[in-house]
Amino acid sequence: MKRATKQSASESEDLSRGAEKAQRPPAEDADVKDVPQGTGATLGLRVSDILEAFPFYVMLVDDRHRIVQANGAVHEQLGLAPEDVVGKYCPRVIHGIDEPWYACPLEEAAETGEAVEREVLDRATGRWVRSAIYPTAGFTADGSRIYFHTVADITDAKQVEDQLRASREQLRELSRFLESVREDERTRLAREMHDELGQTLTALKIDLSWLARRLQERQSLLEKTASMGELIDEAIQTVKRIATELRPGVLDDLGLADAIEWQTQELGRRTDITFRFNAYPEQVIVDRDRSTAIFRICQEALTNVVRHADATRVSVSLKKGSSRISLRIRDNGKGVEESQTLDPGALGLLGMRERARDWGGEMAITGAPGKGTLVVVSIPLAKKGDSEC
Ligand SMILES: Nc1ncnc2c1ncn2[C@@H]1O[C@H](COP(=O)(O)OP(=O)(O)OP(=O)(O)O)[C@@H](O)[C@H]1O
Ligand SMILES: [Mg+2]
């Protein structure tokens with residue numbers, strides 16, 4: 001639909017005269033006169049002036065689909081003279097058909113007395129159309145209600161919307177892919193560190209003990225081997241810690257509930273916060289990818305508690321129902337504020353939400369000042385196109 005140019009006032013007046021000329025024009029008996037209206041009177045505005053301001057089809061129609069008045073966009077874009085429009089059957093003028101258009105909102109608006117707006121694909125033209133009907137307070141002289149009717153081509157906007165939706169979905173796909181690559185990489189690194197580096201250091205420790213036994217009389221060398229031994233012990237602990245932080249083996253070996261419990265114990269040991277954990281049923285069995293997603297969400301939520309909440313108590317509960325698995329983390333800290341949770345820069349929270357969404361689930365975080373924060377995550381156990389787990 002082309003953008004119509006604005007018509008001059010005299011053309012607008014022609015339009016209303018067109019109404020009078022048309023064959024049994026509803027405008028003739030209508031109460032709609034092209035005279036200054038309401039406060040518009042002080043501005044010298046006519047109904048036609050208002051209709052002409054719109055670059056898309058704007059009409060007044062009655063409840064029998066008769067066009068009472070139409071703006072220049074209708075004439076110009078359809079190449080019709082005003083007398084071919086006013087008083088005519090709207091579906092014929094706009095769609096070239098002799099029955100109501102299949103998506104016409106008029107019937108519903110007439111029935112409910114409410115405005116009806118529809119965005120529909122016009123099957124005949126392949127274009128997207130926004131067709132809207134707004135009941136007015138006016139009636140034609142024969143008692144038909146008058147409706148304000150707009151028809152706009154929104155194909156371009158729809159295309160932009162579709163492209164935006166597609167690129168958002170692509171971004172989500174990319175982030176899902178990067179996450180899984182990152183998780184695989186972490187698992188591989190953790191294993192290699194634990195198996196390779198850990199074993200090498202242990203072997204080094206054994207060799208060092210062997211050396212120490214043969215250096216009984218050389219006190220200074222003996223002291224050196226003792227301090228080397230301490231360094232190797234430290235290195236072994238560091239390797240274990242890094243490997244566990246990269247991907248806790250307990251997640252793969254014992255499952256989600258044990259991994260979360262282990263994480264709460266770890267944090268309990270390192271902070272002054274008391275953590276309580278419960279799982280229902282005790283053995284929550286979920287597939288590896290969902291376990292990873294929930295575990296990472298839980299880690300981020302717990303890290304947030306430690307970093308931001310000033311809490312003394314945290315309770316974590318994991319529950320598997322027949323169709324969903326849910327995780328609740330409640331702390332008694334200062335309470336997150338809505339502005340913080342909605343902040344586009346809150347990437348940790350965004351990551352939690354996205355991970356939950358990846359699995360068709362959701363994450364909600366709420367807080368009350370001084371009363372703590374509650375994080376609730378819920379993920380369905382089966383996703384469309386997914387095998388039941
Ligand atoms: N349990 C909580 N108690 C109080 N405030 C919280 C809590 N969790 C989150 N917040 C607030 O919400 C903000 C956003 O959290 P988010 O995890 O997105 O970012 P962050 O932790 O500051 O940084 P990072 O990107 O490293 O995670 C935090 O900066 C903090 O102010
Ligand atoms: Mg964070």
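Reply: Let us start with one term: a residue counts as near a molecule or strand if its C-beta atom, placed from the backbone, lies within 6 Å of it. This is a predicted model, in which local features need pLDDT of at least 70 and side-chain atom pairs count only at pLDDT 80 or more, while totals for chains, interfaces and linings use all residues. Residues are numbered from 1 along each chain as its sequence is written, and chains are lettered from A and ligands numbered from 1 in the order in which they are written.

Me: OK, which residues come nearest to ligand 1?
Reply: There are 15 residues around ligand 1, and of these N304, A309, A346, G348 and T373 come nearest.

Me: And which helix gives the largest share of that shell?
Reply: That is α12, with five residues, where helices (H or I, at least four residues) and strands (E, at least two) are DSSP runs, numbered from the N terminus. Both α12 (288–309) and α14 (347–358) supply at least two residues of the shell.

Me: New topic: in what order do the five strands of the open sheet come?
Reply: The order is β2-β1-β5-β4-β3, with antiparallel pairing, and two strands pair if DSSP finds at least two bridges between them. The edge strands, each pairing on one side only, are β2 and β3 (116–122).

Me: How many bridges join β1 to β2?
Reply: Three bridges join β1 (residues 57–62) to β2 (residues 67–70); V61 has I67 as its bridge partner, and L60 has Q69. The two strands form a hairpin with four residues between them, and H65 in the turn has a positive phi of about 70 degrees.

Me: Last one: which residues touch the most other members of the largest nonpolar core?
Reply: In that core of 34 residues, they are L256, I294, I297 and C298, and α12 gives the most to this core, with nine residues. Such a core is a set of buried Ala, Val, Leu, Ile, Met, Phe, Trp, Tyr and Cys residues joined through C-beta atoms within 7 Å, and a residue is buried if 20 or more other C-beta atoms lie within 10 Å of its own, exposed if 12 or fewer, and partly exposed in between, with C-beta atoms placed from the backbone.
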